[in-house]
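Please find below my note on the model. The points are numbered so that each can be checked separately against the coordinates.

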Amino acid sequence: MTLDWIHPDGEDPSVNWSTSWIVARENDRIESSCVVRLGSREFRIRPTKRYIVGRPKPLTAIMQQYPCMVGESQIQTHVGRVTIDTLDQFIQDLLSIKRYLPLILLSRDAWSEEPAVEPELILRRVLGLANVFIIDKRASFELTGELGRALSCFNGAIRVYWPGFTRSADPMNHPLFLSEKLEYHANRGEAIDEHLFRVFSGIAALRFSEGHLTKRVRQDLDLKRVDQDAALRNQVAEHQLSTATLEEELLKSWGAADKLRAERDAAQFRAAELEEEIAQLKLNLAAIWEYRGDTVVAEEGQQATQQVTSVADALHKAEKQWLGTLEIWQSAIESAEKSNFCRPDEVFEALDAMNQLAVACAVAKKGGQSVGPWEQFFESRGIKYAPTESQNTLNMYGDERQFKNKGLRKQMLRHLTLGGGDRSNCLQIYFDLDDNTGLIQIGYCGVHLSYYGQRT
């Protein structure tokens, strides 16, 4: 059954609301979908009011009263809890190629052990578009051990894992919302649950496709229609069909033909759009390979298996592996050799992120585009980044930010901070991007530098 209806907006009659419900049944299985669209009744270039589209109430009632699936993913009507005991099952679901829905994971703050946002609030907004989980503090440590820091979620952050997630996924493709990002959305008047709903509903509208059951029922009906048409032709040939019945069947056929033409035109338009997108992606990929040249890692997964024993070792291996994107200064090597930071693998991961940033900047520059905010780039990888220092810190300790290499001296203020607690358990990497060469220059990699307001 297909039910379509259109009505003008109550405040702006030039705008139409169009709603389409489709319900298909086969034996004891039922598949249903609802599509809501907005369109203009006339071509008039003027603004419209701001429309806020939500989930139709009947869909909420259906999902709450009956077990529902999207593809092979069960729609959860409650917030799942990830503990040490359930972590293995969670990771199995996370990596499943049969997962059709995004997975939203909320972690607990290290001190209060509470999430930054109520999970139930997010679930109510994204019900049917994503499944929501909250992870215990101990389980988040284990998850980090399983997936790596860049792909994990901890200390009050919220992460979206899209379907198709793997252990080698690019962290940028699975958004991480740290406290600063949550505050950013709140300050813009768009809470995180509203932001996620807007993103998910937009993608759902683009990705909408009839389900397998609906397609199969349509095929069965089409076959029956073919048999009916054959029977009608026989009746016409044998003069057994009345004129009124013939006219009725002709009208049905014309209506079906008009609908098929509209569907064909829409499919052709979307195919043209996809061809343009594919062409642009091919150009971007070619630009990446052209830029990276001989610096491309020979074996897939090689950098993930790097074993580093110290900060200096991480720096030396990064210099050798990413010679075409990173320039390691003498002052960085000297500071690294004095560092006792106990997690050198995190240093190597941070240097890998800087290598990826250099490649992204080169590709964006070649295409006349922007790579976007660096804060977002590093935030998605779970790395703390700052573009500069406070004026008080520069007034008191600006000389410490002057770095040297082969007779050159340069002040660098962009920096990454790893670890925390005190200066000895914290490491900083100071760097800058050379606009002429496209290389990221690393001037310092060692113990946290002095700053205004530090404990003495």
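1. Glu346 counts as buried, at 14% relative accessibility; buried means under 20% relative accessible area, exposed over 50%, and partly exposed in between (1.4 Å probe, protein chains only). Its side chain meets that of Arg343 in a salt bridge, with an N to O distance of 2.9 Å. The criterion for a salt bridge is a side-chain nitrogen of Lys or Arg within 4 Å of a carboxyl oxygen of Asp or Glu. Arg343, with a relative accessible area of 29%, is partly exposed.

2. The model is predicted, with local features requiring pLDDT of at least 70 and side-chain atom pairs counted only at pLDDT 80 or more, whereas totals for chains, interfaces and linings use all residues. Residues are numbered from 1 along each chain as its sequence is written, and side-chain values use heavy atoms, leaving out hydrogens and water.

3. A second salt bridge to inspect is that between the side chains of Arg414 and Asp432, at 3.6 Å from N to O. Arg414 belongs to strand S15 (residues 414-419) and Asp432 to strand S16, so the pair ties together parts that are 18 residues apart in sequence. Helices (H or I, at least four residues) and strands (E, at least two) are DSSP runs, numbered from the N terminus. Asp432 is buried, with a relative accessible area of 18%, while Arg414 is partly exposed at 27%.

4. Arg108 and Asp136 also meet through their side chains in a salt bridge (3.6 Å, N to O). This pair links distant parts of the chain, 28 residues apart: Arg108 is in the loop between S7 and helix H3 (119-126), and Asp136 is in the loop between S8 and H4. The relative accessible area of Asp136 is 14%, which places this residue among the buried ones. How many salt bridges does the rule give? The count comes to 17.

5. Which residues of helix H2 (residues 87-95) are buried? They are Leu87, Phe90, Ile91 and Leu94. Viewed down the axis of H2, these buried residues fall within an arc of 95°, so they line one face of the helix; the arc is that of the directions from the helix axis to the C-beta atoms. The face turned away from the buried side of H2 carries the exposed residues Asp88 and Gln92.

6. The packing partners of the buried residues of H2 are strand S6 (80-82), strand S7 (103-106), strand S8 (131-135), helix H4 (137-147) and strand S9 (158-161). Contact here means heavy atoms within 4.5 Å.

7. An open sheet of 5 strands, with mixed pairing, has the order S11-S17-S16-S15-S12; two strands pair if DSSP finds at least two bridges between them. Strand S11 (326-328) and strand S12 (384-386) are the edge strands, each pairing on one side only. On average, neighbouring strands of this sheet are turned by 30° against each other, direction ignored. S11 and strand S17 (residues 440-447) run parallel and are joined by 3 bridges. Ile440 in S17 is the bridge partner of Leu326.

8. Helix H9 (residues 311-321) packs on this sheet, where it touches S11, strand S16 (426-433) and S17, and its direction makes about 135° with that of S11. Axes are lines fitted to C-alpha atoms, for helices over the stretch in contact, and angles run from 0 to 180 degrees between N-to-C directions. Helix H10 (residues 330-337) lies across S11 and S17, running at about 20° to S17.

9. Another open sheet consists of 3 strands in the order S1-S2-S3, with antiparallel pairing. Its edge strands, strand S1 (2-8) and strand S3 (29-40), each pair on one side only. The twist averages 10° from one strand to the next. Strand S2 (residues 15-26) runs antiparallel to S3 and is joined to S3 by 12 bridges, and Trp21 has Cys34 in S3 as its bridge partner.

10. For the protein overall, there are 13 helices and 17 strands, and 37% of the 456 residues count as buried. Among contacts between residues at least 6 apart in sequence, 63% join residues at least 24 apart. The accessible surface comes to about 28000 Å², of which 53% belongs to carbon and sulfur atoms; the areas come from the Shrake-Rupley method with a 1.4 Å probe, and for residues only the protein chains shown count as cover.
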